[in-house]
Amino acid sequence: MKTLLFICLSAFVAATLGGCLASTISPVGINCDFSQGKPLWEMPLACQGR
């Protein structure tokens, strides 16, 4: 029973973190226009150079 709970909790955490990551990347295209004056942490992850 504890193993099933652990698997369900792990799947929920992975889905939540995956959703947060997916929301930071535009599906249409990535706008890395640095002339807008936005701080680096507000840019999509693909523009941050990680």
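Which helix does L9 lie in? L9 belongs to helix α1, residues 2-22; helices here are DSSP runs of H or I, at least four residues, numbered from the N terminus, and strands are E runs of at least two.

Hi everyone! This is a predicted model, where local features need pLDDT of at least 70 and side-chain atom pairs pLDDT 80 or more, while totals for chains, interfaces and linings use all residues. Residues are numbered from 1 along each chain as its sequence is written, and side-chain values use heavy atoms, leaving out hydrogens and water.

The chain has 1 helix and 0 strands. Of its 50 residues, 8% are buried, meaning under 20% relative accessible area, with exposed over 50% and partly exposed in between (1.4 Å probe, protein chains only).

Now look past the helix: A46 sits in the segment after α1. Why is A46 called partly exposed? Because its relative accessibility is 48%. Its C-alpha atom is 8.3 Å from that of C32, 14 residues apart along the chain.
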